[in-house]
Amino acid sequence: MAESTSSSTTTPRAGILTLSIKDKNSLYSAYMPFLINGGLFIPTNRPYEMGQELFMLLNLMDETEKIPIQGKVVWKTPPGSESYRSSGIGVQFTEADGGVARAKIETYLAGALGSDRQTHTM
């Protein structure tokens with residue numbers, strides 16, 4: 001999963017992330033279905049603030065179009081946490097896209113969402 005961003009690190013301002021998830025296992029590990037509207041865990045060492053608004057362009061698998069997603073930071077796993085988990089942020093999707101991102105992700109993950117396999121968050 002690639003990440004690039006332009007964002008302020010001092011105040012919660014809108015940032016832009018470009019994400020590319022190339023396989024179903026990575027998508028499963030990153031997806032946060034327990035959040036209202038869904039969300040993604042994004043591995044990063046960059047500092048983000050809780051509640052910080054973000055705009056993402058998500059490229060799934062081999063699709064040519066990127067999915068625009070508005071979200072906000074609702075989860076942080078800091079670098080050097082005691083657990084084995086990757087450092088990063090959890091971004092909750094807003095209702096702005098009408099559920100398009102969540103629907104596409106859940107279509108890719110059909111049949112796997114009930115699995116008890118480990119993810120980046122739970």
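## A first look at the fold

Read along the sequence, this protein runs β-β-α-β-β-β-β-α, which comes to 2 helices and 6 strands. Helices (H or I, at least four residues) and strands (E, at least two) are DSSP runs, numbered from the N terminus. What you have here is a predicted model, where local features need pLDDT of at least 70, side-chain atom pairs count only at pLDDT 80 or more, and totals for chains, interfaces and linings use all residues. Residues are numbered from 1 along each chain as its sequence is written, and side-chain values use heavy atoms, with hydrogens and water left out.

pLDDT is the predictor's confidence in each residue, from 0 to 100. The mean for this protein is 80, and 74% of its residues reach 70 or more. Over residues 2-13, though, the pLDDT is below 50, and in the model this stretch has 31 contacts beyond near neighbours in sequence. A contact means heavy atoms within 4.5 Å. Where pLDDT is low, the predicted coordinates should not be read in detail.

Buried residues make up 39% of the 122 residues. Buried means under 20% relative accessible area, exposed over 50%, and partly exposed in between (1.4 Å probe, protein chains only). The accessible surface of the protein comes to about 6600 Å², and 52% of that belongs to carbon and sulfur atoms. These areas come from the Shrake-Rupley method with a 1.4 Å probe; for residues, only the protein chains shown count as cover.

Take Met 56, which lies in strand β4. Met 56 is buried, with a relative accessible area of 0%. Not counting residues up to four places away in sequence, Met 56 touches Leu 17, Leu 19, Ile 42, Ile 67, Pro 68, Ile 69, Val 91 and Phe 93. Leu 19 is 37 residues from Met 56 in sequence, yet the two are 7.1 Å apart in space, C-alpha to C-alpha.

Now for strand β3 (residues 39-43): 4 of its 5 residues are buried, so β3 is largely enclosed by the rest of the structure. β3 pairs with strand β6 (residues 88-93) in the antiparallel sense, over 5 bridges. Two strands count as paired if DSSP finds at least two bridges between them. Within this pairing, Gly 39 stands opposite Gln 92 in β6.

Over in strand β5 you'll find Thr 77, which counts as buried at 9% relative accessibility. A polar contact of 3.0 Å joins the side chains of Thr 77 and Trp 75. (A polar contact is a pair of N or O atoms within 3.5 Å; within protein, one must be able to donate a hydrogen and the other to accept it, and residues adjacent in sequence count only if both atoms are side-chain atoms.)

### Salt bridges

A search of the whole structure finds 2 salt bridges. The term means a side-chain nitrogen of Lys or Arg within 4 Å of a carboxyl oxygen of Asp or Glu.

| Salt bridge | Closest N and O atoms |
|---|---|
| Glu 63 and Lys 104 | 3.1 Å apart |
| Arg 102 and Glu 106 | 2.9 Å apart |

Glu 63 is partly exposed at 22% relative accessible area, and Lys 104 is partly exposed at 32%.

Arg 102 and Glu 106 both lie in helix α2, 4 residues apart, or about one turn of the helix. Arg 102 counts as partly exposed at 24% relative accessibility, and so does Glu 106 at 26%.
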